[in-house]
Amino acid sequence: FVAPSQQQSDTETGRPKKTIASNSCPDKEPGLQTWLPGHSEDHRVTIGRGQKVLLRASATVHSLEIQSGGKLVIADTHRPILLRTRHILIGAGGEVHVGSPDCPYRGNLTISLYGRSDDPDTEHSYFGQKYIGVGTGGTLEIHGAPKLSWTFLNRTLLPDRPTATRATCSRGRDTANFIGIRHRQETVVTLGNYQNESVRLADFLDAVDPGLVLVMVVNDEASNNLEDTARNSLSQLGSRHIRTLAMFSGTKASSEAHVSHTFRSREGLSLSITASSQWVQGSNSSIVELAEPPQGWGPGDRIVVASTDYSMHQAEEFTLLPCPGCSATQIRVAGTAQFLHVGELVDGVDMRAEVGLLTRNILLRGEMQEKCYGHHACKFFSFDTFGGHLKVERGFKAAHVSGVELHHMGQQSMGHYPIHFHMNGDVDEKGGYHPPTSIQNVSIHHSFSRCVTIHGSNGLLVKDVVGYDILGHCYFTEDGPEERNTFDHCLGLVVRAGTLLPSDRDGKMCRDITSDAYPGYVANPRQDCSATSTFWIANPNNNLVNCSAAGSEETGFWFIFHHVPTGPSEGMYTPGHTEHTPMGLFINNRAHSNNRAGMILDNGVKTTKANNKDKKPYLSLVASRYGPHQDADPFKPRVPARIHRFIAYKNMDQGAWLRGGDVWLDECQFADNAISLTLASGGTFPDDDGSHQQVVNSVFVGESDNRGTFQPGQVWGPGGIDLKGRSLPRAVNFPTRGMQVYDGPVRVHNCTFRKFSALEGRHTSAIGFRLNNSWQTCPNNNVSQLTFDQVPVSVGPFFSLMQRDGDKTALLHDTDGSLSQYPGAYLVKEDNWLLRHPDCIDVPEWRGAICSGNYAQVYIQIRNPASPVMQIVRDEYPDRPLTLEGAVAKKKHYQQFQPVVTLYKGYTVHWDQAAPAEVTIWIINFNKDDWINVGLCYPRGTTFTILSDLHDRATKVTRKTATYAPTNNRDKLQHPHPNRSYYYWEQQTGSGPTLHYYVANASRSLQSSQTQPPSNCMSQAYPQHAELPPGGGAHAPQTARQQRGTATRTQTTVTLLAVNICRRCSIV
C-alpha cells in the first residue's frame, strides 16, 4: 500500500498528479455549468438540449432524465458524492460521464437507487423501476480508479493462524515462493503444526526424499517444545541452531525474523534460500500472501477469498488493514480464516484460492428494505430482492463501464439485472462501435438476479469482473443467438438458486413454481430444473479465457443449446444451428466447489410452450446433442471443440460432463471430484458419424493432500493414501472415479492418474465405467501411454456388480498395454461370453478379464410389443447367454438393445415372451468385410417381410436398398449376390430365419405376423448351430453330435430365422 503522505494530490480534485490532457477528463470540459440540486424526493429533473451540467455535491431527486443533447458530468472532487434517485434515464442524445478511460475517476461516488416494488409511481414500459437505463442514442461512460480485480493466494491461508511465514528461492534472477524446494523442481510441502508432536515430526523428516531443502518455522521456543527425537532428526539433516532457537519479539505492528543460506546442487547450481517468519501484534488479523501486487487496494477495502473445499460456503470476506511492513504481494486483513484456503499446487493441480476485490470507488447500489415484502419470491427468500438494475437498449450510442462496484442490484423479475445488454445486436466494430462496448474491472456482489446478462447481443467484452453471492445464473447468455462475446478473466463464486427460469431454480422452487406449466405437471427437479450456473452459455461461439467458476449451487460452466432461438430472438437462426456451431476459445478456465459439476456440455431448453403432450414449463431442460461443424453446417467438415488447460477440483459430482461429437481436452487437471471426467457421445451411435472425443496430456488425482476443513453437516471420513480424515464429495462409500468410460468413441492418451486408493467398503477407480448404466459402451474406446502414481490397482474394480445392460457389455481397448501390460488387449467383464474366449486372462480384483479379439456393436430395436427381455447367445457358448432388458424406459413404444459382439461369429436371439412383430437391426463400428451371423427365434408359421434400408441422419432421409428372399441353402448367406439378398429359415428343425447385411450403416427391418409365445428356441438351436471355441477350452460346449439325441426328443413350436450381417462398403 502507498501511504497518503507518499502521494501528491491536486488540491481541487484530490487526484494524484498525473500527466493527463485536460480534455480527457470530462469534468474539465469547458462550458460545464455547476449543478447543485439539493435534496428532494419530489424533484423530477430533466437535462435537455444545450444543458451540460457538472454535479459537484451530493443530491437527492425523484428521477433524472438526460436527453436531446443534455449531458451530466460528475465532478471528481476530494469530497464523497452521493446521488440518490429512483431512476436515471439516458435518452436519445443524452450523455452521462464519470471519468474516462484516460482520466479515471479518483474520488468517491455513490449512485443509490431507491424505491419499493409496490410504490405508486408508474413504471417505465421498457426499463421498469429503480434503474439506470441507456436508451436508443444514449451514452453512458463510467470509469473508476484502476484496481486489480482478482488474483490468487500464493500461500495457504490456514484457519485461525495469524502468524505468517514465507520463503523464497533465488536462482539468478528467478524467484519462487516455497516451503520446500526440490532441486530443479519447486515443490510445496505442508508440514502442519508439529508443536508438541516431536515423534510425528521426526517420522516426517525421516521420510523426506533426498534432494529436498526444508524450511522449518517454529512457534514459541523450539528448545523447550521439541523432544530429542525431533532435535536429533533435524541435526542429522544439518540444522545447527535447532537446539538454541528462541522467540523473537517486536514492538511494532509487524516484526519479522529471517534466515538465509546458499545450497549447491550436484550439478553446481547455487540456490539461495531465504525464509522469514512474521509476527502480527494482536491475534485478530492475518497476513495474506497474493500471487501478484494488489494494485489499488487499500485499507478499508473488502475482499472475498474463495473456498478450496467442496462447499462454496467456505468463501470468506475480509476487510483490509494498514500494513506498512507488508511486501509488495502481501496484505493484512482483519480477523482470521475459519476455513483452509489453499495457496499452492497440490499433487500437480493448481488449487490456489481466488481472491476478489469487492470495493470500488464508484458504487452503484440499490437501497433495500429490512425484509422481503409483497412478492412471490418471499416464499423462498426472507430478504428484500428488489434491487436496482442497469439496462442498455438497442441503438445506444456508447456504453463503457469500468472500475465500478454494483451492490444490491438485480430484481427477481424478468429483464432486471445488475448489467443487462438487451437485444443490442453487434456491439463491437462490426456494429459500428468504436471503441467496442465493454464491461471491465467491475465487482458485482450480493446481487438479487445474475451478474452480467447478454441478451440478443454480440461482441461484448466482459473482462476482469468479480461476481459474488448471486441469485440465478451469474454470467448469462439468454436466447441462443448471442455470439462472439468474450468473458476474459472473470470470477464468479457463491452462485445460488433463483426463481426466474426453470434452470435457475432449485428443487423446492421447481416443485412450487408451476404457473408456467400445463395443469397436471409433476416436476422432476433434477431433469427439468436445478441447473444454476456461474457461466450459462447458450451459444458455443463465445470466448471464455482465464475465467474461474469458484462455487455454485449446481455447475460452474454450462454450455446449453436452444434448438431454435427463444423469446424475442425467435427466428434469428435456423433450427439446430447452435448444436452445430463451433466452440469459441475455452482456455485457462477453472471450476471448483460446485455442488454438481465443474463443467457441463449437454442438454437443451424446451422451446415450446407447455401443452397437454408436454406439460413442462417453457425453457425447462431437455435433451440435446452437440456436433460442431464448419459454418454450423453438418454437411461441412467437423470442427473439434477444444478445451485447453481446464482445471476442475473439489466438485461434488463431476469435474466435467461433456456430451457431443468432437470434444477434445488437452493439458487439463482434475482432482478430488466424485467423478473427474465423463465424455458422452451423441447417443446410441454417434449422430455425427466419424466423430470422437479425447483427453490428452492431462492429470487426474483421486484424493489429493488438500483434505479440506471439517465442519458440521458435511461428509467427512477416512480417505487418501494415508487414510486420514478428509472432506468427501459424496457418501463415504461412493465409488470415486478418475476417467469415467461411457458411450464413445473416446480416446485417453498420455494422461497421469495419481492417488486413487480404495477403502474397506468403498471402491475407487483411476479409470472406471459408468455405473448402473443401461446404455452402450463403444468397442473403439481406447487408452494409451497412461502413467499411474500411487495407484494400488490402476483400474478396479473395473466392472461393477450392477446388472443393467451397459454394466454387462462394457469393454475398453488398451492399445499399448499401459493399462493392462498387454498391448492391444481389451478389458471385458468376467462373465460376458459374447466377448470372452479360453485365452482370456482373468483379473479377479477387476471383476474382469483381459482378452484379444475383434469387436463391434449391434443395435436391435423392437416394437409391438416393446416389453420382451432379450437373450443373445454366441454359438460357441450356448450355455452362457447374455440377458438384456433394454436401454429405454418401459413406457416407451419401442425398446432397444446394444450388445457388443465378437466379429466373425454366429449368434442367436431369443425372447422371454412373444417375439416382437417388428425388429430393426443396425450395425455399429463395423469395418469393410466385417460380418456376423444372427439367428432370430420366431414361432412356426410366422410370415416375414425383410428389407434393408439406409438412413442418412444428416438429411433424415431413409431409402430402401434391398428386399430379402427366403432360401434353404445357408451357404448363400456367405456369398453376396449383386441383385438379391437372402435369409435362411430353418422350419424343419425348429430353427428360424438368418439374414445377411451388405451395406454399411444400414438397418435391416423384419416384420412378422405371429401371436404365440414363447419365442425362446435355445434348446432347438443348439446343438444344431453350436461351434467349438478357438482351441477348445474348459468352457467349450459339447459337440453337436454329443447333444443331438436330446434335441430330437424335444417338441417345439418355434423356428430360427438366420441373418448374416456384413459391411461390404465404405461409410455413406
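Helices, of type H or I and at least four residues long, and strands, of type E and at least two residues long, are taken here as DSSP runs numbered from the N terminus. On this basis, N706 is placed in the loop between β53 (699-701) and β54 (716-719). The model described is a predicted one.

In the chain as a whole, nine helices and 79 strands are assigned. Of the 1068 residues in the chain, 59% are buried. Among contacts between residues at least 6 apart in sequence, 72% join residues that are at least 24 apart.

A polar atom of the N706 side chain lies 2.9 Å from the backbone oxygen of T308. When neighbours within four places in sequence are set aside, the residues in contact with N706 are T308, L340, V342, V346, M351, K650, D672 and R726.

An open sheet is formed by six strands in the order β13-β27-β22-β23-β24-β21, with antiparallel pairing. Its edge strands, each of which pairs on one side only, are β13 (150-152) and β21 (285-289). From one strand to the next, the twist averages 35 degrees. Strands of a sheet pair through backbone hydrogen bonds, in either a parallel or an antiparallel arrangement.

Within this sheet, β27 (residues 354-357) pairs with β13 in the antiparallel sense over three bridges, and F152 has E354 of β27 as its bridge partner. Three bridges likewise connect β27 with strand β22 (residues 302-305), again in the antiparallel sense; here I303 stands opposite L357. In a regular strand the side chains alternate between the two faces of the sheet. In β27, E354 and G356 point one way, whereas V355 and L357 point the other way, and all of these residues are buried. Further along the sheet, β23 (residues 316-321) and β24 (residues 330-334) form an antiparallel pair over two bridges, in which L320 is opposite V333 of β24.

Among the helices, α3 (residues 228-236) contains the buried residues A230, R231, S233 and L234. These residues lie on the same side of α3 because they cover an arc of only 165 degrees around the axis. The helix is followed by G238, which has a positive phi near 115 degrees.

A search of the whole structure finds seven disulfides. A disulfide is a covalent bond between the sulfur atoms of two cysteines. One joins C25 to C103, with an S to S distance of 2.0 Å. The link of C25 and C103 is right-handed, with 95 degrees about the S-S bond. This pair links distant parts of the chain, 78 residues apart: C25 is in the segment before β1 (33-35), and C103 is in the loop between β9 (95-98) and β10 (109-113). Both C25 and C103 are buried.

A further disulfide is formed by C323 and C326, with sulfur atoms 1.8 Å apart. The torsion about the S-S bond of C323 and C326 is about 80 degrees, so this disulfide is right-handed too. C323 is buried because its relative accessible area is 9%, and C326 is buried because its relative accessible area is 16%.

The sulfur atoms of C510 and C529 are 2.2 Å apart and form a disulfide. The link of C510 and C529 is right-handed, with 65 degrees about the S-S bond. Because C510 lies in helix α4 (residues 507-512) and C529 in the loop between α5 (525-528) and β38 (533-537), the pair ties together parts that are 19 residues apart in sequence. C510 and C529 are both buried. By contrast, C490 is in no disulfide, and the nearest cysteine sulfur, that of C547, is 4.6 Å away; the cut-off for a disulfide is 2.5 Å between sulfur atoms. C490 is buried, with a relative accessible area of 0%. C778 is also buried, with a relative accessible area of 2%.

Conventions:
Residues numbered from 1 in each chain as written. Predicted model: local features only at pLDDT ≥ 70, side-chain atom pairs only at ≥ 80, totals over all residues. Heavy atoms only, no water. Pairing = 2+ DSSP bridges. Axes fitted to C-alpha atoms, helices over the stretch in contact; angles between N-to-C directions. Buried < 20%, exposed > 50% of the residue type's maximum accessible area, 1.4 Å probe, protein only. Arc of directions from axis to C-beta. Polar contact = N/O pair within 3.5 Å; in protein donor to acceptor, adjacent residues only side chain to side chain. Contact = heavy atoms within 4.5 Å.
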